[in-house]
Amino acid sequence: MESDGLSPGAVSRRLGIAVTTLRTWHQRYGLGPSGHAHGSHRRYNAEDLVRLETMRRLTSEGVPAAEAARIARTGDVDSVRTARAGGGHAIPVGRAGPQARGLARAATRLDMPTVRSIVAAAVAEHGVVAAWTELLVPVLVGIGKRHEATQRLIDVEHLLSRCVAEVLGSVPRPAAGSASTVLLACADEEQHSLPLEALAAALAERGVGCHLLGARVPLDALLDAVRRTGPAMVVLWSQTSQTADTAQLSALLDLPHRPALVVAAGPGWGENLPPAALTPTSLAEALSLAVAVS
């Protein structure tokens, strides 16, 4: 560490904590920089970093921020052990790697700036498909598993989904007036639209336009949209078996001028699907189908 300490920006990069979060922890919990060089702003020293790392670790394990800050300030080892023994809510990400673990920690802290920054950096560096497959899916699945075990983290899932949707929505779309050959919709009563937003963003990266109808699209509305836009491909997403009604697929396939491809996407669909319905198993596969008919 530099002899006169680290600036907030340097601490942010070193610990993976947004500068705005550092400022909040300083103002609310007294975890600010204590070092001071003559004629300059205060800077974080080694002891400050230890406190911040403790704060980051405990909040990512589900310890309330005020209690985590108290432990970080006092170095209360017994409290740290108690907090850990109480069963944290760290999100499992398997072998996804350090970036996914960092995203999971930031999401657990409800640290929107850091979540948004990590997701945006992954999309910019690796593209939508890789960011979705290697970073976002492991974290989203981990949140789902932790929620199933604890009945908690709905707030974390909502915040992460919101940030991901914002980043995906910022991917530049084809110019106005460009043809849109793909229509994306959730099955009737299906509320999980994020995978379709990922597909829409991946298509946009390749210059392919689409109509994204989003969550809970009733069958009549879906058929009307198909009649009006004449897409070459319709993707119908179902997250759970409760929303996977094969009658919706059959209705699309029975249209007089049906789309060239009708795609049943998502884990909700079972095995008894209409023979003409396609079932891609990944975002990359769905993207390949869409690009092929565009």
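Visitor: What makes R56 and E53 about one helical turn apart?

Guide: Both sit in helix α3, residues 46-60, and they are 3 residues apart there, so about one helical turn separates them. Keep in mind that this is a predicted model.

Visitor: Why is the contact between R56 and E53 called a salt bridge?

Guide: Their side chains meet at 2.4 Å, N to O. The cut-off is 4 Å between a side-chain nitrogen of Lys or Arg and a carboxyl oxygen of Asp or Glu, so the pair qualifies. As background, side chains of opposite charge can pair when their charged atoms come close.

Visitor: How do you know which of the two counts as buried and which as partly exposed?

Guide: R56 has 9% relative accessibility, and buried means under 20%, so R56 counts as buried. E53 comes out at 24%; partly exposed runs from there up to the 50% limit for exposed, so E53 counts as partly exposed.

Visitor: OK, what makes E166 and R116 a salt bridge?

Guide: The closest N and O atoms of E166 and R116 are 2.8 Å apart.

Visitor: Why do you say that the E166 and R116 pair ties parts together?

Guide: E166 belongs to helix α9 (residues 154-169) and R116 to helix α7 (residues 112-126), so the bridge links parts that are 50 residues apart in sequence. There's also a network of salt bridges linking R116, R162 and E166.

Visitor: Are E166 and R116 buried or partly exposed, and how do you know?

Guide: E166 has a relative accessibility of 30%, so it counts as partly exposed. R116 has a relative accessible area of 30%, and partly exposed is the label there too.

Visitor: Why does the pair E205 and R206 count as a salt bridge?

Guide: For E205 and R206, the closest N and O atoms are 3.6 Å apart, and the limit is 4 Å. As for accessibility, E205 is at 36% and counts as partly exposed, while R206, at 46%, is partly exposed as well. The structure holds 9 salt bridges.

Visitor: Switching to strands, how do you know that β3 and β4 pair?

Guide: Pairing takes at least two bridges, and strand β3 (residues 180-186) has 5 bridges with strand β4 (residues 209-214), in the parallel sense. Within this arrangement, S180 stands opposite G209 in β4.

Visitor: And what makes a right-handed β-α-β unit here?

Guide: The parts are β3, helix α10 (residues 194-205) and β4.

Technical notes
Residues numbered from 1 in each chain as written. Predicted model: local features only at pLDDT ≥ 70, side-chain atom pairs only at ≥ 80, totals over all residues. Heavy atoms only, no water. Helix = DSSP H or I, 4+ residues; strand = E, 2+ residues; numbered from the N terminus. Right-handed = clockwise from strand over helix to strand, strands pointing away. Buried < 20%, exposed > 50% of the residue type's maximum accessible area, 1.4 Å probe, protein only.
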